Every structure is written in structure tokens, then in C-alpha cells.
Amino acid sequence: MSTALLTPTEAPAAPRPRTAPAPIPFTRLVGVELRKMFDTRSGRWLLITIAALALVATAAVIAFAPAEFITFESFATAVGVPAGSLLPIVAILAVTSEWSQRTGLTSFTLVPRRGRVLGAKLVATVLVGVVVVPVMLAIGSLGNLLGAAIHGIDPVWDTSAQILAQNVAAFVLVMLIGFTLGVLIRNSPGAIVAYFVYSLVLPGLLAALAAFQEWFRDIHLWVDFNMASTVLYDEHPTGEQWAQLGVSGLIWLVIPLALGLWLVRRSEVK
Amino acid sequence: MITVESLTKRYGGLTAVDHVSFTAQPGRVTGFLGPNGAGKSTAMRVMVGLTEATAGQATILGRRYTDLPNPGREVGVLLDASAQHAGRTGREILTIAAKTMGLPTSRVDEMLARVSLTDTEATRRVRNYSLGMRQRLGIATALLGDPEVLILDEPANGLDPAGIRWMRDLLRDFADAGGTVLLSSHLLHEIEAIADDIVVIGQGRIVAEGTIAELLASASTRVCAADVTALATALAAAGHEVTLTPDGAVQTDATPAAVGELALAARIALTELRASDGARLEEMFLELTADTQRESRLTDLEGAA
Ligand SMILES: Nc1ncnc2c1ncn2[C@@H]1O[C@H](COP(=O)(O)OP(=O)(O)O)[C@@H](O)[C@H]1O
Ligand SMILES: [Mg+2]
């Protein structure tokens, strides 16, 4: 043992004069969360993969589709497949990595109000959707021009601006489903599996239930968010369809997300 | 300053932290000592708002941690150096923290230099860091916001002796500049080397506290003689407490001087006479660790490896 430590320590120095730091603005948190989404290999590769698959899908339409299918809608549908299945994973990982990689220990000590951190993640997720989906659609547009030139036809722009905007909204909604599952499950593999169950298995189950059970048939569209979301690809959704989207969204998005946020705020981070 | 008042945390039937109260003073390094499972980490998690207390409270600089507007600028926290995204580089981890706190990125380079992580090391992914490097990175994160208070959970784990010395100097300087340091350890010698004040915790309860000098100073003397029985009788007759140690020595609460005089008067030849410094603290700590001794030895070995 060191004898030096047995001598009494001198009186503490006067603490440096300090001013209370300013609160952390929410916009800064959004910026940080955006950065965290793409500063790891997994984040960057997800983004690169989405873009690469969009190019592959576009090339496939040009190569294999007959001339009458060389339309913007074909290309938009094709580029939407990789984006639709991978963007929700971006949203999931943005949330779950705080637990699966245990970075939450730092994030939630630097920002103890967990609702603010998750709120910033939510905004960052929506921003990614709002930026990435139009980029995908731009790739589709280029494909449409190229395909038309190759086939020697005039490019067909058969999609209205309203549908495009609704398309973006549809992608943001599936990202929010991923986000919600992330908040509820807080484990990366678990939430990804849950997302695929939700998007690939659940629609079939609900459709089968509707086919065999009279009582369910009437409410099917009110409780199946996947199905209800397809109105966003329609030119003229009815008021009832919007209402179905709202009600099923309440069931699958709003209530689970509120529950998840409440649980996260009460849970122990370790 | 950190003030912990009657802090209690229960997990079902288990009371992990049991009415713990203490103060960590500015200008001093306070060591939080206890065997594995004593409740150190739980108490520290409660202090920084990661775990909700069942009862009691902790305040830092007079406020609850969760009420601090930008906690990183006032309190540096390192709870688990391994809790980092394995795919980020050390520099990126510091950059994220700096951006969150609203600091310029030049601060990142300063901190990397401060904890002696080289540029090449900083651009490596944390996956490839040794525990010692992770601890340094964690310390860098804690110091980033130029805080007034440091809360460090087992920061010396995984550091080599030179690293422990470095940490001691760093924390000493921090405290000498008026900062408050609370650090935990399950190793007595680590705390002895670094702390000014010690809070000893076992099974969630504080079992001893005081300055290191108070706790190490001992009213106990170890003495050996050719005729141990005569010596013990003489000491007991003079009203001192006497115990025989298994190795044939006498442990007594008399000072060495008093023992020497008694022995001279009784014409007993002594073969050994010394104050047994720190014996009390060490003994108490050994008792506390008795159940978990095997476990802590293992961690000791891991730490040394
Ligand atoms: N989330 C939890 N649920 C149940 N028991 C826990 C939990 N966290 C810690 N404990 C228990 O609380 C006690 C104190 O643990 P901890 O604070 O990690 O001790 P230390 O850091 O001193 O080694 C241990 O018995 C541990 O098993
Ligand atoms: Mg611990």
C-alpha cells in the first residue's frame, strides 16, 4: 500500500466557476440519430443494398418486360420491393441497437429523457423514408426513360403526383411499423423476425380467417393494416377506406407505439 | 458533489441496494468498494437515472440527474466500457457523444490524446479493442464534456499496472482541480491506491465509511514472543483485548509502545512487534467477500490477463 496516501490530503481547490449548460435542442438529437443510423457497417450496407437492388430491379424491368409494360408504374413497383423490405429494418435497428449493442447505456445517460431520444429516432426514421423513397422513384424514372428509348417508344408517365406522395407515405408507414416493433421488442433479431411475421405471415392468416369466418369478413379491412394501407396505391380512395386505414393504424401503430414508449421509459437500462 | 440519501432498490424479493446514504465531496476521490454483487453498479445506475429507485434518492450538484439540461457537460459517466456498438470506431463513438453534448469535434482529438489512444487505434472498430482500450475510450467519453463530477464503475478493470497508475494520476488531477470523483471497485488494493474516502458496501448495505487514513489506521498491534502465554496474560492483566492468531502471534488493541513497556516490565523477550495497518479493513473486506471469493479471484485473474 502506498504510504503517500496515508498523509492527509490538502484542502480541495475552489471549483471552477461554471455556468449551467444550455439544454440540448431536439434538432441536434435528430441529427445525431441520423448519423447513428448510417455510421456502422450494417447501416451503410443496408442503404447501399437498397440502392443496388433498386438498380437491379430497374435493369430487370428493362431486360424482361414487354414494351407495353415499360411504364413508370412498373418501375416504381419494381424499385419499391427492396425499399419496402429493407427500410423497415433500418427503422428497427435504429431503435434496437441501443439495447442489442447496449449503446443505450451511453445514449440514455447523455439524454436521460428517453422519450426525447426515441422521438428524435422517430423523426430521423421518417426523414430517411421521405428522402430515400423519392431517390428510389428517381432511379425508376431513369429506368423508364432508358427502357422507352431502348424499346423505341414514348416514355409512359402513368402515375400522378398524388399517388407518388401516397407512395412515400406508404413506405413511411411500413418503416413506422418496424420502428414500433423495435420499441416493443428491443432486440434486433427478434424485432426483424416479428416484422417479417407481420408483413409476410399475418396478411395470409387474416385473409384465411376472413375466408372462413363470416364475422371477421366484415371487420377484416378495419383491423388489417397491411390491407388497409394498399389504399395508398389507389387514385381515389373512399372515405371509408381512409377510415379503415385510420382505425387499423390505431390498432397496429398508434396503440403499440404508445405502449412501447411507456414501457421504455419505465424499463431499466443496463 | 454527489449526495445519496437512503437509496433503496429491490428486485422482487432481493434488496440489491439497501438504504444507502453517503456523500462524495468535491476535491476528493470517493471509492465505492464491495465484492461482486454488493450493489455498486445498481446504485450507480440509479444515480444516473438508468434504473428507478424503489425508495430514497440521489442528487448530483444538488439536482436529480434526470433534471440536468445537458448531463454530459456536468457529469462524466462510465458504467460499462464494453457497452458500445462493436461496429463503430473509437473516434466515431466520441464524435457522437460530442455532437450530442454540442461540443466541437476538436474536443474529440483532445480527449483521444488525453487517454493516449493513437490515431490508428481511434480509427479501428471497437470490436477489435482490448478491455483496457475500451476503458480508456470510456474515460475519454466521460471527460469529453469537461464535467465537474465523474461516476465510474470499475474503471480499473482490464487496465495493466501502468494503466492503473495513469488512472490514479488522472483522477487525482481531476479531484485536485475541484472535481468530485466516485469510482467503484471490488478490489481493495485498487481503491487503496486511488481513493481519499471509502464507502464499503456489502449485500446492498454500507458496512463502513471514512477517509482512507481512518479506515486503514488500526488500533491493532501484532506481537510475537518466546513465551506467548506469559505475554497474553500480561496484556490481559493490563486490561487489553487479546486474541491469539493461528500462526502463534498475539493480536491486541494495545499500542506497540504499550506492548513494549509491558513486555519489558514482565521480562518477556519479544520476537516481533508491529502495528498491523489496514488489518481491520482487510479483514472486514475478506469477510464480505467470503461467499464470493472464488468469483472475485477469477475476475482478478481475468483483469490481470
Ligand atoms: N435487473 C435485475 N434483476 C434482478 N436482480 C438484479 C438485477 N440487477 C442486479 N441484480 C442483483 O442485484 C445485486 C447487486 O448487483 P450489482 O449492483 O450488479 O452488484 P455489483 O456491481 O456490486 O457487483 C446482485 O445480487 C444482482 O444479481
Ligand atoms: Mg458491478
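Analyst: Happy to. Helices here are DSSP runs of H or I with at least four residues, strands are runs of E with at least two, and both are numbered from the N terminus. By that count, chain B has 12 helices and 13 strands. Keep in mind that this is a predicted model, in which local features need pLDDT of at least 70 and side-chain atom pairs count only at pLDDT 80 or more, while totals for chains, interfaces and linings use all residues. Residues are numbered from 1 along each chain as written, chains are lettered from A and ligands numbered from 1 in the order written, and side-chain values use heavy atoms, without hydrogens and water.

Taken along the principal axes, the C-alpha atoms of chain B fill a box of roughly 75 × 45 × 35 Å. The domain assignment, which is automatic or from a database, gives domain 1 (2–209) and domain 2 (216–304) of chain B. Over C-alpha atoms, the centres of domain 1 and domain 2 of chain B are 36 Å apart. Of the 305 residues of chain B, 54% count as buried; that means under 20% relative accessible area, with exposed being over 50% and partly exposed in between (1.4 Å probe, protein chains only). A contact here means heavy atoms within 4.5 Å, and among contacts in chain B between residues at least 6 apart in sequence, 69% join residues at least 24 apart.

Now for the interior. A nonpolar core is a set of buried Ala, Val, Leu, Ile, Met, Phe, Trp, Tyr and Cys residues joined through side-chain atoms within 4.5 Å. The largest such core has 143 residues, and Ile2(B), Met47(B), Ile139(B), Ile151(B) and Leu171(B) have the most contacts inside it. Helix 3 (residues 72–100) of chain A gives the most to this core, with 13 residues. Domain 1 (2–209) and domain 2 (216–304) of chain B both contribute residues, so this core lies between them. Leaving aside residues up to four places away in sequence, Ile139(B) touches Leu78(B), Val115(B), Leu152(B), Pro155(B), Trp166(B), Met167(B) and Leu170(B). A second, separate core of 9 residues includes Val223(B), Ala225(B), Val259(B) and Ile268(B).

Next comes the contact with chain A, which takes 53 residues from chain B and 42 residues from chain A. Buried area is the accessible area (1.4 Å probe) that two parts lose on being put together, summed over both. For chain B and chain A that is about 4200 Å², 54% of it on carbon and sulfur atoms. On the chain B side, Leu50(B), His85(B) and Thr100(B) lose the most area to chain A, together 16% of what that side buries.

There are 5 salt bridges between chain B and chain A, a salt bridge being a side-chain nitrogen of Lys or Arg within 4 Å of a carboxyl oxygen of Asp or Glu. Glu268(A) pairs in this way with Arg45(B), with the closest N and O atoms 3.0 Å apart. Helix 2 (90–101), helix 7 (188–194) and helix 8 (212–216) of chain B are the elements that give two or more residues to the side touching chain A. Helix 2 of chain B supplies the largest share, 7 residues.

Helix 2 of chain B also holds Thr95(B), which is buried at 7% relative accessibility. Not counting residues up to four places away in sequence, Thr95(B) touches Arg35(A), Thr105(B) and Val108(B).

Within chain B, the side chains of Asp119(B) and Arg91(B) meet in a salt bridge (3.3 Å, N to O). Asp119(B) lies in helix 4 (residues 119–122) and Arg91(B) in helix 2 of chain B, so the pair ties together parts 28 residues apart in sequence. Asp119(B) is exposed, at 54% relative accessible area, whereas Arg91(B) is partly exposed, at 24%. Another bridge joins Asp247(B) and Arg222(B), with closest N and O atoms 3.0 Å apart. Asp247(B) sits in the loop between strand 11 (242–244) and strand 12 (250–252), and Arg222(B) in strand 10 (residues 221–225) of chain B, 25 residues apart. Arg222(B) is buried, at 14% relative accessibility.

His19(B), in strand 2 (residues 14–24) of chain B, has a positive phi of about 45 degrees although it is not a glycine. Glu154(B), also not a glycine, has a positive phi of about 50 degrees. Glu154(B) is in the loop between strand 6 (149–152) and helix 6 (161–176) of chain B and is buried, with a relative accessible area of 11%.
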